[in-house]
Amino acid sequence: MANATMKRYLSLDALRGITVAFMCIVNNPGSWGCIFPPLRHAAWTGCTPTDLVYPFFIFCMGVAMAFSFSRFDGLDKAALIKIFKRGLGLFLVGLLLNMYPFFPLHPHDEAASFGQNWLYWLGHIRIFGVLQRIAVAYMLSAVIAMWLRKPGRILAAIGVLFVLYTGILLLFGSEPGAFTLEGNISRKIDIALVGENHVYHGYRFADGSRAPFDPEGLLGGLTAACTALLGYLIGGVIQRSSARHATDPSDNTSAPAYTVSRILVYGLASLALAEILSIWIPISKPLWSASYVLYAGGWAMLALGFLAFIIDVKGCVKPFEPFRAMGSNALVAFVASGLLAKTFPMIGFAPSDYFGANEYTSLLWALIFAFLIFCIQWPLYRKKIIIKL
């Protein structure tokens, strides 16, 4: 049983590590003007390989939850304390990462004093972000998973969240459409909660003006939790089959190869459902739509199943050790990549000056950046140091 469990975790670490490495590549090009199309996000609808990075993180978190929560008997006080302590910690780390280096690098008004510019900067800090979305998804999915426990009930909860989220978008959306940048209610909710100055302004309206819309806003946390719950369900499949196989190795339905085939079938089914649902609900990462959850979740299942086949069934472990190192401290990798990306300009190094000539040099810097993160991760991995909240 111990060996089987260990290999399953190797598969999960490998997938998480590949996701971390790809995150470093897509988030840190030599120049944002020179990027190969697969390394760009879809503008609003659709899904590129880059759009799979974020949900893969959350899916892996859900798989790990199935193992870490197995020692709890249900949603008791101790479990709630653990859930909300970790969730709030993740949210705080994400907010601090948004605030780094804690003062404005580029003054809003050269004629104003440092204090005046600092207050202006403080009034325009983005509240939401990647870790904040993960925190919300973790807290909601963890409470649901530990409360409902049974796979059938958790599937029903995913369906309820899909209906609730999509219903809110449709009922309160406005022209030109509930699933558009201009008409979605998610944007208005975030502005009402934290103010227009504290949300992301990277999208643009049709007239070219910057849109106050946060792709990691509060409402999308409902469906992000569904991504985590899909991972939790797959983690449960792995955990139960591993336990049955340890008890009765002759049970073919619990053998690793059979379990892998189930994961692959579930992944294909999720992709098929996503394509059907996309007829009415577009696949959209900024909105984290229901069809996007199923689409990204399906690919995550296929990726995990593929790695489990190679690592658990075929025993090919060694080639994936660098990725296991990258995935063993995913939080450290994310924070370190964010800090480095913000620190380089502070010390006068602009990657675009050296690697911005074309898509190839831009990708070269992204690979170098990923290697720098690997150099941070490798000593921690070798010394078996795991830093987590």
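## The second largest pocket

A pocket is here an open set of grid points with protein on both sides within 12 Å along at least five of seven lines, and a residue counts as lining it if an atom lies within 4 Å of a point. In this predicted model, the second largest pocket is lined by 36 residues, and the space that lies in this pocket amounts to about 1200 Å³. Of the lining residues, Arg16, Gly327, Ser328, Ile386 and Lys388 lie nearest the centre of the pocket.

Two or more residues of this lining are given by each of helix 1 (2-27), helix 2 (53-68), helix 3 (77-99), helix 5, helix 11 (321-328), helix 12 (330-346) and helix 14 (359-382). Helix 1 supplies the largest share of the lining, with 6 residues. When the lining of the second largest pocket is divided by class, 22 residues are nonpolar, 4 are polar and 10 are charged.

The largest cavity has a volume of about 70 Å³, and its lining consists of Ile25, Val26, Pro29, Cys34, Ile35, Phe36, Leu39, Glu359, Ser362, Leu363 and Ala366. The elements that give two or more residues to this lining are helix 1 and helix 14, and helix 14 gives the most, with 4 residues. By class, the lining of the largest cavity divides into 9 nonpolar residues, 1 polar residue and 1 charged residue.

The second largest cavity, with a volume of about 40 Å³, is lined by Phe91, Phe128, Gln132, Arg133, Val136, Glu216, Gly217, Leu218 and Gly221. Helix 5 gives the most to the lining of the second largest cavity, with 3 residues. This lining has 4 nonpolar, 3 polar and 2 charged residues.

## Helix 5 against helix 6

Helix 5, which also gives residues to the lining of the second largest pocket, spans residues 130-148, and its axis comes within 9 Å of the axis of helix 6, residues 151-172, with the two axes crossing at roughly 140°. Angles over 145 degrees would count as roughly antiparallel, and those from 65 to 115 as roughly perpendicular; helix 5 and helix 6 are therefore oblique to each other. The crossing in which helix 5 passes helix 6 is right-handed.

On the side of helix 5, the residues in this contact are Ile144, Ala145 and Leu148, and they meet Arg153, Ile154, Ala157 and Leu161 of helix 6. The contact of helix 5 with helix 6 comprises 6 nonpolar residues, no polar residues and 1 charged residue.

## Backbone features in the loops

The bond from Tyr100 to Pro101 is cis, with omega near 10°, and Pro101 lies in the loop between helix 3 and helix 4 (114-122). The bond from Glu175 to Pro176 is likewise cis, with omega near 5°, and Pro176 is placed in the loop between helix 6 and helix 7 (185-194).

Phe102 has a positive phi of about 75°, although this residue is not a glycine. The loop between helix 3 and helix 4 holds Phe102 as well as Pro101.

Conventions: Residues numbered from 1 in each chain as written. Predicted model: local features only at pLDDT ≥ 70, side-chain atom pairs only at ≥ 80, totals over all residues. Heavy atoms only, no water. Axes fitted to C-alpha atoms, helices over the stretch in contact; angles between N-to-C directions. Parallel < 35°, antiparallel > 145°, perpendicular 65-115°, else oblique. Left-handed = near helix turned anticlockwise from the far one by under 90°. Contact = heavy atoms within 4.5 Å. Nonpolar A, V, L, I, M, F, W, Y, C, P; charged D, E, K, R; others polar. 1 Å grid on protein atoms, 1.4 Å probe; cavity = no way out; pocket = protein on both sides within 12 Å on 5 of 7 lines; lining within 4 Å. Points joined across faces, edges and corners; volume = space filled by probe spheres on them.
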